[in-house]
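Subject: Structure handover

Hello,

Here is the structure for you to look over. My notes follow below it.

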Amino acid sequence: TIPGVSGGTVAMVLGIYDRLVTAISRCDNTLAGQVFRRRWREAAGRIDLGFLLTLGVGIAGGILSLASVMKVLLQDHPSGVNAVFFGLVAGSCLVVTRSIGNWNGRRVAGMVAAIVVTFLVVGVPSDTVDPVGSKWFVFFCGVISICAMILPGVSGAFLLKVLGQYDRIIGLISDVVHGQATSESLLVLAVFAGGCLVGLIGFSKLLRWLLASFRETTLAVLCGAMCGSLRVLWPFGNRDLEGGMIPAVLLSAGFVVVLLLDRMTRRNEPGHSED
């Protein structure tokens with residue numbers, strides 16, 4: 001719901017990224033066979049159903065209850081909101097960088113390339129593309145935006161704005177929440193959701209393979225994407241004293257929170273030593 005903030009980045013900040021990608025990527029023929037043979041327990045275990053359901057409830061709750069709040073905050077206090085997310089993303093960049101044990105030329109090059117590409121992508125004006133109303137285009141927007149959502153550094157909501165569909169989709173969701181949905185609006189949302197489902201399952205398989213086969217190189221690229229996305233979150237547009245000090249405090253708070261979460265996570269890892 002926040003253009004410029006990637007769901008994948010937030011998942012990395014909270015330490016659930018690998019688990020999320022793995023769970024989604026297991027929606028395959030094996031799962032379909034287990035469901036067809038009514039092996040419910042095996043199917044639930046394969047896709048980490050408890051985790052996905054809990055996360056899904058949180059996502060739905062966030063969309064339905066926080067979208068209007070975030071809209072007000074972004075309108076009235078954009079520097080403060082951007083400062084908090086800038087600190088969170090910057091802190092997570094540091095955490096991911098430290099998790100890469102062996103830096104080599106390929107990983108450095110991948111990170112730099114990702115920084116440059118993401119920096120340029122997030123700088124594209126959100127009104128670049130004229131809105132297109134066809135169902136196929138809505139489906140395509142669902143595929144693209146959901147891939148961006150699970151890709152750290154690139155915001156799915158931002159790409160929806162670039163594609164000219166953000167206001168439309170958010171408006172349709174608002175109509176559903178307020179009981180004003182029509183059959184046409186429900187059909188459009190269903191098509192969009194179908195695109196999201198196809199993109200999510202397909203792209204998560206690619207990410208899972210990359211993390212399994214080239215983990216540290218992939219992490220370097222993802223970290224670069226996160227670093228590049230900081231462009232859209234820069235909070236210091238206001239030059240007066242208050243506009244500079246408050247965002248600086250909020251930015252620092254977000255940065256420290258990520259480092260504390262990372263430290264807590266490391267303490268809970270098996271084999272952790274205080275040394």
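This is a predicted model: local features need pLDDT of at least 70, side-chain atom pairs count only at pLDDT 80 or more; totals for chains, interfaces and linings use all residues.

Contact here means heavy atoms within 4.5 Å.

First, T217. This residue is found in helix α12, residues 215–233. Leaving aside neighbours within four places in sequence, T217 is in contact with R106 and R107. Is T217 buried or exposed? Its relative accessible area is 14%. Buried means under 20%, so T217 is buried.

Next, the helix pair α10 and α11. Helix α10 covers residues 166–177 and helix α11 covers residues 183–213. Their axes come within 10 Å and cross at roughly 120°. Angles of 65 to 115 degrees count as roughly perpendicular, and those over 145 as roughly antiparallel. The α10 and α11 pair is therefore oblique. The crossing of α10 and α11 is left-handed.

Which residues meet there? From α10 come R168, I169, L172, I173 and V176. From α11 come S185, L186, V188, L189 and F192. The residues of this contact divide into eight nonpolar, one polar and one charged.

Last, the cysteines. How many disulfides are there? The count comes to zero, taking a disulfide as a pair of cysteine sulfur atoms within 2.5 Å. For C223, the nearest cysteine sulfur is that of C227, 4.3 Å away. C223 is in no disulfide. C223 counts as buried, at 0% relative accessibility. C27 is partly exposed, with a relative accessible area of 25%.

Best wishes

How values were computed: Residues are numbered from 1 along each chain as its sequence is written. Side-chain values use heavy atoms; hydrogens and water are left out. Helices (H or I, at least four residues) and strands (E, at least two) are DSSP runs, numbered from the N terminus. Buried means under 20% relative accessible area, exposed over 50%, partly exposed in between (1.4 Å probe, protein chains only). Axes are lines fitted to C-alpha atoms, for helices over the stretch in contact, and angles run from 0 to 180 degrees between N-to-C directions. Angles under 35 degrees count as roughly parallel, over 145 as roughly antiparallel, 65 to 115 as roughly perpendicular and the rest as oblique. A crossing is left-handed if the near helix is turned anticlockwise from the far one by less than a right angle, and right-handed if clockwise. Ala, Val, Leu, Ile, Met, Phe, Trp, Tyr, Cys and Pro count as nonpolar, Asp, Glu, Lys and Arg as charged, and the others, Gly among them, as polar.
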